[in-house]
Amino acid sequence: LFESMLEKQEGVLFISFFISLFYMQNVTAKLKTKVKVTIVITCRNEEKYIEKCINSVLESDYPSDKIEVFVVDGLSSDATREIVQNSLKNTPTFVF
């Protein structure tokens, strides 16, 4: 009898897992299609890292029409501004 109850509990747990998984996928899909996201990247003298940061945003799987990105430079004295400008030439979702 105990083994039979244990099997049923495992089945319930298994079903609960798939219901939770389906629910999370459904919520995630709704969020991706409805929520607009604004990202603000502040930088100062970040020539070594700014391109990687920008690329990580560009390569995300979030819909590009739902993302706006502002890059704010704090008077960099290195090549940060040039790197940002070159990286964003054909990217309308970024503002610099």
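Okay, before anything else, one definition: when I say two residues are in contact, I mean they have heavy atoms within 4.5 Å of each other. Keep that in mind, and remember too that this is a predicted model.

Let's start with the overall layout. The chain has three helices and three strands, and if you read along the sequence you get the pattern α-β-α-β-α-β. There are 96 residues in the chain, and 18% of them are buried. Now, take the contacts in the chain with a separation of 6 or more: 79% of those are between residues 24 or more positions apart.

Next up, helix α2. Which residues of α2 are buried? They're Ile 50, Ile 54 and Val 57. If you look down the axis of α2, those buried residues sit within an arc of 60 degrees, so they line one face of the helix.

Helix α3 runs over residues 80-87, and here the buried ones are Thr 80, Ile 83, Val 84 and Ser 87. Looking down the axis again, they fall within an arc of 100 degrees, so these buried residues line one face of α3. They pack against β1, which is 37-43, against α2, which is 50-58, and against β2, which is 67-73.

So how do we talk about a pair of helices like that? Two packed helices are described by the angle between their axes and the distance between the axes. For α2 and α3, the axes come within 9 Å and cross at roughly 25 degrees. Angles under 35 degrees count as roughly parallel, and therefore α2 and α3 are roughly parallel to each other. Their crossing is right-handed. On the α2 side, the contact is made by Ile 50, Glu 51 and Ile 54, and on the α3 side by Thr 80, Ile 83, Val 84 and Ser 87. Sort those residues by class and you get four nonpolar, two polar and one charged.

Okay, on to the loops. Find Asn 45 on your screen, in the loop between β1 and α2. Is Asn 45 buried, exposed or partly exposed? Its relative accessibility is 31%, so we call Asn 45 partly exposed. Asn 45 also has a positive phi, about 55 degrees, although it is not a glycine. Where does Asn 45 reach? Leaving out residues up to four places away in sequence, Asn 45 touches Ser 76, Ser 77, Asp 78 and Thr 80. Take Thr 80: it is 35 residues from Asn 45 in sequence, yet their C-alpha atoms are 5.9 Å apart in space.

Leu 75 lies in the loop between β2 and α3. With a relative accessible area of 73%, Leu 75 is exposed.

Last stop is Val 95, in strand β3. At 41% relative accessibility, Val 95 counts as partly exposed. Setting aside neighbours within four places in sequence, Val 95 is in contact with Val 69, Phe 70 and Val 71. Val 69 is 26 residues away along the chain, and the C-alpha atoms of Val 95 and Val 69 are separated by 6.1 Å.

Notes:
Residues are numbered from 1 along each chain as its sequence is written. This is a predicted model: local features need pLDDT of at least 70, side-chain atom pairs count only at pLDDT 80 or more; totals for chains, interfaces and linings use all residues. Side-chain values use heavy atoms; hydrogens and water are left out. Buried means under 20% relative accessible area, exposed over 50%, partly exposed in between (1.4 Å probe, protein chains only). Helices (H or I, at least four residues) and strands (E, at least two) are DSSP runs, numbered from the N terminus. The arc is that of the directions from the helix axis to the C-beta atoms. Axes are lines fitted to C-alpha atoms, for helices over the stretch in contact, and angles run from 0 to 180 degrees between N-to-C directions. Angles under 35 degrees count as roughly parallel, over 145 as roughly antiparallel, 65 to 115 as roughly perpendicular and the rest as oblique. A crossing is left-handed if the near helix is turned anticlockwise from the far one by less than a right angle, and right-handed if clockwise. Ala, Val, Leu, Ile, Met, Phe, Trp, Tyr, Cys and Pro count as nonpolar, Asp, Glu, Lys and Arg as charged, and the others, Gly among them, as polar.
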